[in-house]
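Hi,

Here is the structure I promised to pass on.

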Amino acid sequence: MSLSSSASILEVLDSLFKDKKKPIPLHEPLFEGNEWTYVKECLDSTFVSSVGKFVDRFERDLETFTASKHAVACVNGTSALQMACKVVGVQAGEEVLVPALTFVGTANAVSHCGAYAHFVDSEEEFLGIDTQNLETYLESIVERKNDQCINKKTGRRIAAMIGVHIFGHPLDMEGLLKISQKYQLPFIEDCAESLGSYYKGKHTGTQGCVGVLSFNGNKIITTGGGGALLIQDEELAKKAKHLTTTAKTPHPWDFYHDEIAYNFRMPNLNAALGCAQLEALPNYIERKRELARVYKEAFSKVEGLKFLEESGENTSNYWLNAILLDKDQAPFRNEILETLHSAKYLCRPIWIPMHKLPMYENHPRMDLSTCESLVQRTINLPSSVSLVR
Ligand SMILES: *Cc1c(COP(=O)(O)O)cnc(C)c1O
């Protein structure tokens with residue numbers, strides 16, 4: 001059973017990438033537009049750092065692309081998540097609901113605020129938060145005191161919730177927004193992987209309180225390193241901008257800072273790269289969706305797994321394509337990964353879930369059995385834009 005499974009996955013990849021000459025990475029960036037032009041223009045201007053026109057332009061271009069009222073560029077996605085927690089009011093000693101199935105940056109951002117990530121379970125279809133399970137769980141552990149949400153077990157306030165649109169697949173926003181309203185928990189959307197993904201026609205990250213993007217080198221577009229906050233509320237957006245730029249009050253020459261803040265502004269040089277990458281984004285999304293279509297068709301003939309697909313009404317950017325092994329195939333995951341690596345397909349498993357990492361093993365959490373099962377069964381396939389002409 002195991003051998004047939006890894007053999008048939010390998011067969012599919014070999015049929016799709018017949019003329020492969022070198023190893024196929026999981027995801028690589030692509031620079032075939034105005035990247036060199038804008039970066040050179042930035043260098044020539046000498047404004048490579050914290051001041052310059054590309055940062056403003058990148059923010060405005062992000063607003064246009066996502067139809068977000070405000071965008072605030074940041075040094076990376078993790079720091080943007082930290083700022084998101086800050087602006088929605090997360091304080092040290094409080095808890096924030098975070099899926100156990102995510103990249104470590106999501107949980108770290110909460111920790112950097114001095115707060116505790118409180119881990120919640122996932123669902124099988126899009127790997128998002130399991131809304132129904134979460135609701136039942138909250139019923140059992142939450143006590144309402146003066147409009148606040150207190151975790152009965154720890155006595156700490158639950159201050160916010162973060163959802164992650166994993167691999168670009170939109171979360172169940174309707175269900176999550178309901179929970180967020182019912183418990184008055186500000187909802188932060190971790191959209192690090194979902195730039196170009198839409199929930200019922202709305203760009204991910206624009207329905208919650210704050211959306212957070214990442215432009216790390218492995219994301220759908222890159223600024224080298226970078227991130228951004230998408231915010232609809234003007235006051236929150238101003239607060240985010242202020243916090244990420246050392247809380248400096250505008251003045252032609254004087255240095256007045258009105259609180260302890262952060263130097264999290266995206267450098268102009270990175271924003272120059274970002275402006276060019278954003279121009280290419282619509283084309284990248286098309287190519288990624290084409291690759292997903294090809295994978296879906298090819299894997300529909302393979303038994304023992306399913307290809308992770310978008311739902312009818314939502315659109316995924318298919319940042320990373322993934323297959324989910326059937327439960328009885330889970331024991332063979334590593335063997336499959338080894339077979340694929342030997343054949344130079346640099347496929348990867350999904351993350352080790354947060355509660356299995358030493359710094360988070362004692363954090364509050366609900367039953368995480370679906371998350372644990374998903375971790376044993378998910379395999380990411382090569383997903384670079386460059387794989388599609
Ligand atoms: C990449 C990523 C981040 C962090 O972004 P960085 O820019 O690398 O700090 C956060 N959450 C998720 C789900 C990610 O994939």
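Predicted model: local features only at pLDDT ≥ 70, side-chain atom pairs only at ≥ 80, totals over all residues.

The ligand sits in the largest pocket. Its shell has 15 residues, and those that come nearest are Gly-77, Thr-78, Glu-193, Ser-214 and Lys-219. By type, the shell splits into eight polar, four nonpolar and three charged residues. Helix α4 (residues 77-87) gives the largest share of that shell, with three residues.

The side chain of Glu-193 has a polar atom 2.6 Å from an oxygen atom of the ligand. In the side chain of Asp-190, an N or O atom is 2.8 Å from a ligand nitrogen. Lys-219 also takes part, with a side-chain N or O atom 3.3 Å from an oxygen atom of the ligand. On its own the ligand has 380 Å² of accessible area, and the protein covers 92% of that.

Now for the rings. The count comes to 10 aromatic pairs. One of them is Phe-17 with Tyr-345: the ring centres are 6.2 Å apart and the planes are at 45 degrees, so this pair counts as tilted. Phe-17 is in the loop between α1 (2-16) and α2 (35-45), while Tyr-345 is in the loop between α10 (333-342) and β14 (348-349), so the pair ties together parts that are 328 residues apart in sequence.

Cheers

How values were computed. Residues numbered from 1 in each chain as written. Heavy atoms only, no water. Near = heavy atom within 4 Å. Polar contact = N/O pair within 3.5 Å; in protein donor to acceptor, adjacent residues only side chain to side chain. Areas by Shrake-Rupley, 256 points an atom, 1.4 Å probe, with all protein chains shown as cover. 1 Å grid on protein atoms, 1.4 Å probe; cavity = no way out; pocket = protein on both sides within 12 Å on 5 of 7 lines; lining within 4 Å. Sits in = over half its atoms within 2 Å of the grid points. Helix = DSSP H or I, 4+ residues; strand = E, 2+ residues; numbered from the N terminus. Nonpolar A, V, L, I, M, F, W, Y, C, P; charged D, E, K, R; others polar. Phe/Tyr/Trp six-rings, centres within 6.5 Å; stacked < 30°, edge-to-face > 60°.
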